[in-house]
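Let's take a friendly walk through a protein model together. Have a look at the picture first, and then read on.

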Amino acid sequence: MAKTCNVALIGQGFMGRTHSNAYLKVAKFFKLPVQPVMHTVFGMKEEDPQAFADRWGWKHSCTDWKSVIHNEEIDYVDIVTPNYMHMPPAMEALAAGKPVGCEKPIAGTLADARAMVEAAKKAKAKTFVWYNYRRCAAVALAHQLVKEGKIGRIYHVRCIYLQEWGGPDTPLLWRFQKKLAGSGAHGDLNAHIVDMARFITGDEIVEISGAISETFIKERTIVAAPSAGGIAGGAKGAAKKGKADVDDAVLFLTRFKKGAVGSFEASRLATGYQNQNGIEVHGDKGALRFRFEDMNYLDYWDNTVERRLQGWKRIMCTSGGNHPYVGNWWPDAHILGYEHGFVNQAADIMRVLGGEKPEVPIPDFADAYETQRVLEAALLSAENRCAIKMSEVK
Ligand SMILES: NC(=O)c1ccc[n+]([C@@H]2O[C@H](COP(=O)([O-])OP(=O)(O)OC[C@H]3O[C@@H](n4cnc5c(N)ncnc54)[C@H](O)[C@@H]3O)[C@@H](O)[C@H]2O)c1
């Protein structure tokens, strides 16, 4: 019999659903050293956490996150609240010596992130950050191919994360308020592609320049209700407006330690792109190209074959035993989707809690802090209109 781990989930919005689904499914598809037990979900009173618990299979619900963290029966705390509410429950759980999972970005501010890293170090507790795109088979394969030397010396890293839901009709959700989110498209979307670039290249960004930040929509309708499980939510009929004080788009350029140059672009107003999360890597031996809206595919260019045979190869990453995670799912070519990345991450968290290795590296607080430093450097570059060396950002 595998050991069990009583999970407390703090939050029940969009990510509350993806994580609940992950804990619900993971032990059905993966052989795990530790199996999650869906013990308690926290939600705000107005969200009806008991209805959420009943629907998703949590044994208990609560409206007091501190008490659930300190409940002796809880073995692991998973945080899926808005960014400003990552640090308080994480610190509480770490002080109680419990391992912690947390949604990305690790925090709304670099100071919060630093406090979380220090607390984790002090508690000697295992921590995890849900940069879920690492766990798409195609992205994990890209990481493996670079590690095996198939791309060779990397020259270019080109990253985009483009969405379009942030138009003037979208209300003033927490995502548009600096005190709740920290930043806008930057912490929401650039966070993912900075993590993906670091993960795939195995390299670190050392300098940022040319950053531009823009808030196109400066006022939005004030909304009282939570976002009810989606991103944009709705507050039809409300008339009062408030200030949106985060970026709608941030673009920047980077230099990597091993000499590559990179570009990053995140926007919530890229009309025509709903969830275009993409990365391209060009090296002397080959190149890679990934687009999340076609997430089962990784494009690969082999620069070592004779010229007349060169061309982009479209690899469908759905072969069990050959492509990461896939063997746990369906027969070959029975396509996987968004939710599978979260289930794969839950599997790796349970493996690490059970003393095993994750299938591909999983970010802990210290790793996610490095991504947060890059985000901070880009904001400094945009604000001061100058290049920022990563060594200047502690
Ligand atoms: N990994 C991904 O791809 C991904 C995608 C979306 C969001 N996220 C991250 O997940 C986190 C949550 O985002 P979401 O989309 O689920 O948001 P959401 O608004 O849908 O849900 C947030 C939930 O947090 C709780 N909450 C809200 N305000 C709170 C408060 N003041 N105190 C305590 N709890 C509160 C509520 O239960 C709410 O339902 C954010 O950090 C976000 O950046 C990650």
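To sort residues into classes, Ala, Val, Leu, Ile, Met, Phe, Trp, Tyr, Cys and Pro count as nonpolar, Asp, Glu, Lys and Arg as charged, and the others, Gly among them, as polar. This is a predicted model, in which local features need pLDDT of at least 70 and side-chain atom pairs count only at pLDDT 80 or more, while totals for chains, interfaces and linings use all residues. Residues are numbered from 1 along each chain as its sequence is written.

**The ligand and its shell**

By those classes, the shell around the ligand has eight nonpolar, ten polar and four charged residues. In total, 22 residues surround the ligand, and the closest are Gly 11, Gly 13, Phe 14, Met 15 and Glu 103. Here a residue is near a molecule if its C-beta atom, placed from the backbone, lies within 6 Å of it. Helix 1 gives the most to this shell, with three residues. Helices (H or I, at least four residues) and strands (E, at least two) are DSSP runs, numbered from the N terminus.

**Two domains**

The protein is divided into domain 1 (3-132) and domain 2 (136-330 + 364-384), with bounds that come from an automatic or database domain assignment. Both domains give residues to the shell around the ligand, so the ligand lies between them. The centres of domain 1 and domain 2, taken over C-alpha atoms, are separated by 24 Å. Their contact takes 26 residues from domain 1 and 25 residues from domain 2; two residues are in contact if their C-beta atoms, placed from the backbone, lie within 7 Å. On the side of domain 1 that touches domain 2, the largest share, six residues, comes from helix 5 (110-123).

**Helix 1 meets helix 9**

The axes of helix 1 (residues 14-29) and helix 9 (residues 338-353) come within 8 Å and cross at roughly 65°. Axes are lines fitted to C-alpha atoms, for helices over the stretch in contact, and angles run from 0 to 180 degrees between N-to-C directions. That makes helix 1 roughly perpendicular to helix 9, a term for angles of 65 to 115 degrees. Among the residues that meet here are Phe 29 in helix 1 and Met 350 in helix 9.

Methods
Angles under 35 degrees count as roughly parallel, over 145 as roughly antiparallel, 65 to 115 as roughly perpendicular and the rest as oblique.
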